[in-house]
Amino acid sequence: LEKALTMPENKRIGVNYGSLATAQLNTNRTEGALKNFNIAIDQYGSQNPEHFYNRGVTHHKLGHLEAAIIDIKRCLQLKPDHPQATQALSLLGVKR
């Protein structure tokens with residue numbers, strides 16, 4: 001909580017949208033999740049690898065394979081040892 005309170009306002013807002021999107025993804029509200037991941041990443045500049053990974057998962061659930069691969073690869077650029085992203089690319093038959 002203390003860390004969140006000291007973040008610049010824009011970053012804090014991006015984190016909040018990412019958290020909302022993750023909750024929506026976890027409850028299969030994929031359209032809402034995609035909208036809120038887009039806001040966190042595109043409007044508030046989130047560089048959180050989890051946001052990119054989860055947006056990739058959301059894209060995959062919606063049948064947007066190319067967008068899913070792009071986001072999962074971006075996650076791995078930000079965090080090369082992200083195990084779920086590495087596994088997801090492997091399952092999709094994509095090399096890093």
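Biologist: Is Arg55 buried or exposed?
Modeller: Arg55 is buried, with a relative accessible area of 9%. Buried means under 20% relative accessible area, exposed means over 50%, and partly exposed lies in between, with a 1.4 Å probe and protein chains only.

Biologist: What kind of model is this?
Modeller: This is a predicted model, in which local features need pLDDT of at least 70 and side-chain atom pairs count only at pLDDT 80 or more, while totals for chains, interfaces and linings use all residues. Residues are numbered from 1 along each chain as its sequence is written, and side-chain values use heavy atoms, with hydrogens and water left out.

Biologist: How many salt bridges are there?
Modeller: The count comes to two salt bridges, each defined as a side-chain nitrogen of Lys or Arg within 4 Å of a carboxyl oxygen of Asp or Glu. Side chains of opposite charge can pair when their charged atoms come close.

Biologist: Which residue pairs with Asp42?
Modeller: Asp42 forms a salt bridge with Arg55, and the closest N and O atoms are 3.6 Å apart. Arg55 lies in helix α4 and Asp42 in helix α3, so the pair ties together parts that are 13 residues apart in sequence. Helices here are DSSP runs of H or I with at least four residues, and strands are E runs of at least two, numbered from the N terminus. Asp42 is exposed, with a relative accessible area of 54%.

Biologist: And what does Asp71 form with Arg55?
Modeller: A salt bridge, with the closest N and O atoms 2.6 Å apart. This pair links distant parts of the chain, as Asp71 is in helix α5 (residues 65-78) and Arg55 in helix α4, 16 residues apart. Asp71 is buried, at a relative accessible area of 3%. Salt bridges that share partners join Asp42, Arg55 and Asp71 into one network.

Biologist: Staying with α4, which residue reaches Glu50 at its start?
Modeller: A side-chain oxygen of Asn48 comes to within 2.8 Å of the backbone nitrogen of Glu50.

Biologist: What sits over the ring of Phe52?
Modeller: The charged end of Arg74 does, 5.7 Å from the ring centre. The rule requires NZ of Lys or CZ of Arg within 6 Å of the ring centre and within 35 degrees of the ring normal. Phe52 is one of the buried residues of α4.

Biologist: Changing topic, how many aromatic pairs are there?
Modeller: The count comes to one aromatic pair. The rings of Tyr17 and Tyr44 have their centres 5.9 Å apart and their planes at 15°, so the pair is stacked. Tyr17 is in helix α2 (residues 9-26) and Tyr44 in the loop between α3 and α4 (49-61), 27 residues apart. Rings of Phe, Tyr and Trp (its six-membered ring) pair if their centres lie within 6.5 Å; planes under 30 degrees apart count as stacked, over 60 as edge-to-face and the rest as tilted.

Biologist: Where is Thr30, and what does Thr30 touch?
Modeller: Thr30 is in helix α3 and is buried, with a relative accessible area of 14%. Leaving aside residues up to four places away in sequence, Thr30 touches Leu25, Thr58, Lys61 and Leu62, where contact means heavy atoms within 4.5 Å.

Biologist: What follows α3?
Modeller: Just after α3, Gly45 takes a positive phi of about 65°.

Notes. A polar contact is a pair of N or O atoms within 3.5 Å; within protein, one must be able to donate a hydrogen and the other to accept it, and residues adjacent in sequence count only if both atoms are side-chain atoms.
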